[in-house]
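Trainee: I want to learn how to read a fold from computed features. Please take me through one case.

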Amino acid sequence: MTPSQQTVAGMKLGLVLPNKGAGAGPELLDAAASATAEVGWNSLWVTDHLMVPRGEEEDEYGTMLEALTTIAWVGGRHPALTIGTSVVSPAMRDAPLLAKELATIDVLLGGRLVVGVGVSDSGDLQEYRNMGKEDRFRTRGAYVDETIRLWRHLWSGTREPFEGEFHTIDDFTFAPLPLAREQLPVWCGGRSRRALRRTAELCDGYHAAQTSPDDLRERMPQLEAAFALTGRPMPVVSTRARVYFDRPRGDVYAITGSPEEMAADLVAFREAGNDELIVVFDAHEPDALAAQIRRFADDVVARADAAMLDRAG
């Protein structure tokens with residue numbers, strides 16, 4: 001029996017899959033996805049890095065199952081869940097090939113794909129060098145903008161030429177098309193004004209990371225202003241956040257503290273305008289990770305939803 005969807009006053013829940021770090025592999029992925037479906041959450045997401053340098057980043061991202069391969073595998077095994085990238089970096093890859101890969105995955109998954117995209121941080125230059133794309137690093141923002149326009153063009157089914165700064169395509173056939181064609185959801189990440197403007201001009205959703213409820217509340221007027229300039233309706237707003245049980249609060253934001261404190265954060269996210277909360281846990285063993293998901297669903301999410309119902313009633 002499929003459980004009803006668990007929300008906090010309509011705010012959906014999703015899980016960042018453990019496609020990185022110790023234990024990353026089919027058993028851990030399957031346990032995480034199964035527990036997510038069991039508790040009635042909405043979605044599964046993957047992190048994307050390709051070849052980070054040795055050193056500090058190596059500890060977290062040195063072992064990394066490739067993002068698109070992972071979502072194709074997991075999505076095929078768990079048909080009730082939305083599948084997304086959090087986030088893929090188009091400028092570190094190649095836009096036309098990504099268009100084909102994403103369209104293929106969406107077709108194979110029956111139209112359940114959401115494409116989260118980002119520009120990459122300033123510290124990712126070495127990773128771009130490792131991928132043979134150092135020159136593109138300096139224009140990565142413009143490349144991402146053009147990538148999204150190119151995707152919409154190709155996914156629409158048109159055979160009209162496309163001409164941009166990085167791509168000129170004038171004789172092509174592109175198929176299969178995503179089930180929603182050019183409306184396949186693309187969510188943009190980032191905290192800068194340019195990222196918010198990109199979201200307003202080109203994207204269907206806003207995907208924030210390293211963002212507390214207070215941060216999101218402060219950012220929402222900027223996002224609303226950016227969308228007002230385009231005349232487009234406000235997008236889906238999602239936030240990615242780490243969860244730590246039984247740990248005091250620190251300088252870097254995470255959902256932590258007592259169950260009551262954690263639930264209060266979920267309420268605050270919902271009241272700030274967040275539509276989907278996508279959480280990351282620290283367990284890297286199948287049974288332990290499944291237990292964390294269930295604990296969060298039972299002790300935190302259910303408590304937060306009850307609190308919102310009390311306020312409404």
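Predicted model: local features only at pLDDT ≥ 70, side-chain atom pairs only at ≥ 80, totals over all residues.

Trainee: How many bridges join strand 2 and strand 3, and in which sense do they pair?

Mentor: Terms come before the count. Helices (H or I, at least four residues) and strands (E, at least two) are DSSP runs, numbered from the N terminus. Two strands pair if DSSP finds at least two bridges between them. Strand 2 and strand 3 pair in the parallel sense, over four bridges. Strand 2 also pairs with strand 1 (residues 12–16), in the parallel sense over three bridges. There, Val16 has Trp45 as its bridge partner in strand 2.

Trainee: Which way do the residues of strand 2 point, and are they buried or exposed?

Mentor: Buried means under 20% relative accessible area, exposed over 50%, and partly exposed in between (1.4 Å probe, protein chains only). In strand 2 (residues 43–46), Ser43 and Trp45 point one way, Leu44 and Val46 the other, and all are buried.

Trainee: Which hand does the unit of strand 1, helix 1 and strand 2 have?

Mentor: A crossover is right-handed if, with the strands pointing away from the viewer, the path from the first strand over the helix to the second runs clockwise. Strand 1, helix 1 (residues 26–39) and strand 2 form a right-handed β-α-β unit.

Trainee: What span does helix 1 reach, and what is expected?

Mentor: The expected span is 1.5 Å times one less than the number of residues. Helix 1 has 14 residues and reaches 20 Å from its first C-alpha to its last, close to the 20 Å expected. Gly40 follows helix 1, with a positive phi near 90°.

Trainee: What covers the buried residues of helix 1?

Mentor: First, the geometry. An α-helix has 3.6 residues a turn, so residues three or four places apart point the same way. The buried residues of helix 1 include Leu28, Leu29, Ala32, Thr36 and Val39. Contact means heavy atoms within 4.5 Å. The cover of helix 1 includes strand 1, strand 2, helix 3 (67–77) and helix 11 (286–312).

Trainee: Where is there a kink in helix 9?

Mentor: The bend at a residue is the angle between axes fitted to the seven residues ending there and the seven starting there. In helix 9, a kink of about 30° lies at Arg219, shortly before the proline Pro221. Helix 9 (residues 213–230) has 18 residues and reaches 26 Å from its first C-alpha to its last, close to the 26 Å expected. Arg219 is one of its buried residues, as are Met220 and Leu223. What covers them includes helix 8 (193–202), strand 8 (205–209), strand 9 (236–242) and helix 10 (259–271). Gly231 follows helix 9, and its phi is positive, near 80°.

Trainee: How many residues of strand 4 are buried?

Mentor: Five of the five residues in strand 4 (residues 113–117) are buried. Both faces are covered: Leu113, Val115 and Val117 lie on one side, Val114 and Gly116 on the other. Strand 4 runs parallel to strand 3 (residues 82–85), joined by two bridges. Gly84 has Val114 as its partner in strand 4. From strand 3 the chain crosses through helix 4 (residues 95–108) to strand 4, in a right-handed β-α-β crossover. Three bridges join strand 4 to strand 7 (residues 186–189), and these two run parallel. Val117 has Cys188 as its bridge partner in strand 7.

Trainee: Which side chains does the side chain of Glu276 meet in polar contacts?

Mentor: A polar contact is a pair of N or O atoms within 3.5 Å; within protein, one must be able to donate a hydrogen and the other to accept it, and residues adjacent in sequence count only if both atoms are side-chain atoms. The side chain of Glu276 makes such contacts with the side chains of Asn42 (3.0 Å) and Ser43 (2.5 Å). Glu276 is found in strand 10 (residues 276–280). Its relative accessible area is 5%, so Glu276 counts as buried.

Conventions:
Residues numbered from 1 in each chain as written. Heavy atoms only, no water.
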